[in-house]
Amino acid sequence: MTDNETTTSREDREQLRKEQEDRLLTAWSAPKSWRYWSAVNNSEVGQWYTLTALGFLVFAGVSALIMRAQLAVPENDLVSPDLYNQLFTLHGSVMMFLFAVPILEAVAILLLPELLAARDLPFPRLSAFGFWCFLIGGVFVCGSIFFTAAPSGGWFMYPPLTTDPVQSGIGADIWLLGLSFIEIASIAAAVELIVGVLKFRAPGMRINLIPLYAWYTLVVGGMILFAFPPLIAGDILLEMERAFDWPFFDADRGGSPLLWQHLFWIFGHPEVYIIFLPGVALMAMIVPTFAQRPVVGYSWIVLAAVGTGFLSFGLWVHHMYTTGLPSVSLGFFSAASTAVAIPTAVQLFAFIATVMLGRVVRSVPMLFAAGALAIFVLGGLSGVMVAMAPFDWQAHDTYFVVAHLHYVLIGGMLFPVIAGVYYYFPFVTAKALSEKVGRIGFWLMFVGFNVAFLPMHFTGLRGMPRRVYTYPEGLGWDWLNLISTIGAFTLAAGFALIVIDILRPKGNQPYCERNPWNAGTLEWLEEMPDKPWGVRSIPVVKHRYPLWKDPDFIGKVDRGEFYLPDAQELRRETMVTSVLDAEPIQCLRVPGPSFLPMITAGFTGAAFIAATFHLYWPTLAAGILALASLLFWLWTGTAEIPEKDEKDVGFGLSLPLYQSGPQSVGWWAMFITMLGDAAAFASLIFAYFFYWTIRSDFPNDVTSEGALIYYALGVAAVVGTWLLTLGARYWNLTGAVFASRLAMVGAIVLALLSVAALLAGPYVDGLDPRLHAYPAIVWILALWTVGHIGIGAIMLAYCFARSLAGRLTPRYDIDICNVTLYWHFAAITGVLAPMLVALFPLAA
Amino acid sequence: MPQKELFVAACVGNPNNADKFREAGLGKTETFWQRCIGWARIGPAGLAALMLVACDGPQSSLDPAGYDARRLADLFWVMFVGALVIWVGVMALAFYAARRRDSDPPPEGAANLLILGGGVIFSIAVLTALLVYGLLLMGQLRAYSGAG
């Protein structure tokens, strides 16, 4: 009788599991046929993102090969000087903006949820939006070379070369607007990844158990958040000078070309670590797996990664050693630049120690990791050399720097990424890449790379400047260049082999076995081939390497013995946990497939592209369409009111389906986005004070009394708007819905009044932004401020409409909570900026 | 091309190398392997010659003609030798770590010592020394050329 019962209950369990899997499959399957492109799940978007970034790598690689062919012999005329300029500008820009940063975001989108045992990222449609922006912007920027209209001012676009209308054509606008568009997508991805690491970890995964890759993602996300905004601020200034002749960088009219260098390198140096740290992150996953033991010095590595992140913001001036700065600055930045070698050394020694304590399994990923170490260490050492200001005076803008930066980036990024491609290929496709091709490819790449770039150190020391399209015979550069060219083509041959291996059809190749490398981390829970739900049930994690700790861990997850093993309502659901201790706080329903992100990205891209060609009416039209589709997307797809308050997620735990305020992921995304926004605002303030420190004619005007009154009115109206917004949130929460709506309307009216008053300030002073950098920066600050107030007003109007439509209620108030958070930041901008522009000229 | 001539001169024209050429049996009829061995024997000398040749040139910073340039070339050579030694050291360590085949692994303490000693103490010592050298040099050069 007992036997019978057990059999029945086992059959019941099997039956239940089957039904659960059917429901999960219904919820998570990718859409079919042409609707496939509406997919938003991290697996699909991550794959598109990765492949697109690899495509741009090939594009930029081919442009490098053309340059190497041109330089193979002296006085070569394979390409014209102008085309050569376009090639090196695109090579650098595409490698940096369209390959290095995006590929690491792409890989993170692909890996992160599985690594944390979540089913998706917090904002899948935002990832999809970021991807489409990236694709549109990237194709636009790259495509320009086929019309010989590509940017040609070098990847760091120094004015006055790039503000000279004769020296630079439409290419500079393509660079500024096309890449700004992509930078916004990069920031969107960073917000997504930061919130993912903070809020989407499996229950129990406290901060000391977070996989190293996720730690690095968090650090890099934070760096993107503070590094990209200064560049965006710089892009705005440079484009305003190009399009409307506002003289931010024109020394004749009170500007300074050095301001661009500062803004660019405040971005540009952290950028190096934004690229390098995710490479280290991949090594931090690969090395322990092939040493078959936990990583040694986990806390050291985390500290070093965070330390590198902070230090990297204090080094930017080492790109400007030859601009005539005082010795004190040079000394400080020399010290900071060498100091960053310390956390880097800690990370590398931790990996070597891990290998030493383990038993190394030889494999292609380890081969690439070893090659990365050999190359990167050399790049780091030549980096210490150029960190010494006096040596940099000799090496600056020579091929020595070209050699150095390629050792850093190829050793710190390309080789680890290829190691990662070999390591994670079975994770993505359930098939393995060829070991043999991998080894041949590695040796071709490794030897080719060193043959190409090692002699370049000498080419540079012998005086060859970077970016020259050709050179005369007899300066001692001839055979060095020929060797470099041979090496470059060898490197390319090795890479081509690997690309062919990636792309070759693998239809009849058997699937890998599960967890093929015998790794210890959660991403290897997935089945081969992968199921669309990501993880069958969301486990409780108590160890850094749960798959090694508990041999039956995979079995338990598969049998649905953990949280959320089912999708009763056929919805995509995952768990939100607390930031430090990863305690469950919400069962979040993430949105499914939609074309809206693609459509919104299309209109946004159209607005940027039209602006590039100075077609301002189409720009306006596309911008309005982009805003409309964004609002439609938000209205239909976010802050959905669930059919019940709570849901049973297993183990007798019931979690709310709706959260607002700091408990919700939306609040965190807004907070993090606004930190980035504040960084851009701070960059504009920096520009203002930069002019003041270096120019005696700044400010060249004093605020009149009439203007002061307008500024004061504007500030008062901003504060009033902020108070009414707070009131709207409070009254809504307490059930006084009518009072809340009234407060929203009042806030909108005050916001519009403040816009008028803040524009009236500089207007009544008669400031003409084309005459001098002072009126120009005042107008930029005014426009920035009223822009933020205007966006805030639209948000309030949205909340008002949601309230009327019954989608914003006292219980379900996420919209007004997030808008209030936005207004905290907007109010700071709206108070600080007018006070600065109104009062500083009186004090100075 | 003067470089090419110099290179040939350094390899062949140098009496020491000429001896080695003869010792290696180059210039006579010999088998491929004898030729290889011969080249291998003169290889290091050839490499050193190559390095010297690689430094000259009208725009070369390693072929200094003035005071500043000479001091900066010295700085380069100090850093070059230092970098080479550190690189070889790190590679040797990594190679040892990967090829270690004795039965029990070193204790965890050794690993921490490696991270602390190599990553922190050694780096700080070397970088501080270099920084002091570099910054003092910068002060002297700027004083000498009357700038800063």
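These notebook entries record what I looked up on the interface of chain A and chain B and on one residue of chain A.

**Conventions.** I note that this is a predicted model, in which local features need pLDDT of at least 70 and side-chain atom pairs count only at pLDDT 80 or more, while totals for chains, interfaces and linings use all residues. Residues are numbered from 1 along each chain as its sequence is written, chains are lettered from A and ligands numbered from 1 in the order in which they are written, and side-chain values use heavy atoms, with hydrogens and water left out.

**Extent of the interface.** I looked up contacts (heavy atoms within 4.5 Å) and found 52 residues of chain A touching 58 residues of chain B. The buried area (accessible area, 1.4 Å probe, that two parts lose on being put together, summed over both) is about 4,900 Å², and carbon and sulfur atoms give 74% of that. On the side of chain A, the residues losing the most area to chain B are A:Phe349, A:Met356 and A:Arg462, together 14% of what that side buries.

**Salt bridges.** I counted two between the chains, taking a side-chain nitrogen of Lys or Arg within 4 Å of a carboxyl oxygen of Asp or Glu. A:Arg462 is paired in this way with B:Asp56, their closest N and O atoms being 2.8 Å apart.

**A:Asp173.** I then asked: is A:Asp173 buried or exposed? A:Asp173 has a relative accessible area of 4% and is therefore buried (under 20%; exposed is over 50%, partly exposed in between, 1.4 Å probe, protein chains only). Beyond its neighbours within four places in sequence, A:Asp173 contacts A:Gly178, A:Glu239, A:Arg242, A:Thr612 and A:His614.
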